[in-house]
Amino acid sequence: MSSEWHHSRRGRGHRHKEQGRANRERVVEQKVSVPHGTCMTMCPAYELRQREAQNRLHRFEMVAGTEQDRLPRADASRAVKEYSRPAAGKDSTRASDLRPPSVLLKTVHYLVDDIAVSSTFQPWTEVYSFVFDRLRSVRQDLIIQRVSGPDCVAVLEKSVRFLLYASYRLCGQQLQYFDPRINDTHLQECLSWLLESYRDGKHQHQEEFQALSLLYNLGSTQAIQHVLELPERIRSSPAVQLALAVSRAHMERNPVRLLRLAQRLDFIQVCAVHRHLLPCRRDLLMLYSHGHSSRNCRYPLQRLARLLFLKDGLAAELCEVYGVNVTGEWVNFSKSSFTVAPSGDLHCRRLHEPQDDEQWNCSASSVIHGCA
């Protein structure tokens, strides 16, 4: 019986060793099978020839003067690899079709510097569609090659900035031109991937993006918990501390404090928080309509506009939408006339600061590169 027990024990030990060896072999095999891109251009030569022959070039990728030809010619210096969904039987891991990290980062710089901020390429809804797709393709190449480290972080940071900026600039556009839910899905995925990448070590812009994630996700207990678990050096940075203060004001339903804090945010931070500002402004008007309700009491419009973080004219329009009476430079609050459901169409975009295309493009360059 003892002999059988020892034999059984030796058998189990042998099986465990074999299983461990098999696991190690699988890990080695997985490491070996990870492809490494060899394509040194923004668009692989095979795809470029194929899309040219199939007339699938975007107009931003065509040789100037051939746009009206039956088959426009591809400009190899401007063509960028399309995003393509993984399909059964399709090999997406060929080294010649994958761009190494340095080329991916160069591609992102091209998309920002030569397309997103260009005054030549208009309308910006089309610019967004093109850059959105090509950035998605860049991230796809990163995933297939399991890229990590500084180049991956740099690509993700610029992707997050671009998507945040687009969510602000294109807010209120028709769905055929801009779908905020799709943009949000990709933005959340990029943020999640980026914050996970920060765990690998110190990164120059970590405080900025930890703050942006919290501002974009106001009201999320998960986002707050994540920030509270950060190392002290990051948690105590000015950007994160300001974002935490905004988050507390939001959780406490204190619209006056939140909007006052919002005036200390820089442009990209406003892009991140702007989707929360319209409900906050509505809550402030409701609060004042009840707290200052009086037939004989008048409130200065200019002072209210400062509280709302709006110009006087836009503040007056917002008041009228919610049933708050504005006469000249004065506001008359009445809890009976205030309506939670706005009359007519009210879009968040209507309350953005008006800027012409040149100003928008200048903002895009500094914002996406992180210079603002």
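In the predicted model, helix α6 comprises 18 residues, 180-197, and spans 25 Å between its first and last C-alpha atoms, close to the 26 Å expected at 1.5 Å a residue. Asn183, His186, Leu187, Cys190, Leu191, Leu194, Leu195 and Ser197 of α6 are buried. These residues lie on the same side of α6, because the arc they cover around the axis is only 165°. An α-helix has 3.6 residues a turn, so residues three or four places apart point the same way. The packing partners of the buried residues of α6 are α4 (124-144), α5 (150-169), α7 (206-216) and α8 (221-228). At the start of the helix, a side-chain oxygen of Asp179 comes to within 3.0 Å of the backbone nitrogen of Arg181.

The largest nonpolar core contains 104 residues, of which Phe162, Leu164, Leu285 and Leu304 touch the most other members. Helix α5 gives the most to this core, contributing 12 residues. Apart from residues up to four places away in sequence, Leu304 touches Leu284, Leu285, Tyr299, Cys319, Val331 and Phe333.

Lys81 is located in the loop between α2 (45-53) and α3 (101-116). With a relative accessible area of 9%, Lys81 falls under the 20% cut-off and is therefore buried. Its side chain forms a polar contact of 2.8 Å with the side chain of Asp141. When neighbours within four places in sequence are left aside, the residues in contact with Lys81 are Met42, Cys43, Pro44, Glu47, Asp97, Leu98, Arg99, Arg134, Ser137 and Asp141.

Definitions and conventions: Residues numbered from 1 in each chain as written. Predicted model: local features only at pLDDT ≥ 70, side-chain atom pairs only at ≥ 80, totals over all residues. Heavy atoms only, no water. Helix = DSSP H or I, 4+ residues; strand = E, 2+ residues; numbered from the N terminus. Buried < 20%, exposed > 50% of the residue type's maximum accessible area, 1.4 Å probe, protein only. Polar contact = N/O pair within 3.5 Å; in protein donor to acceptor, adjacent residues only side chain to side chain. Contact = heavy atoms within 4.5 Å. Expected span 1.5 Å × (residues − 1). Arc of directions from axis to C-beta. Core = buried A, V, L, I, M, F, W, Y, C linked by side-chain atoms within 4.5 Å.
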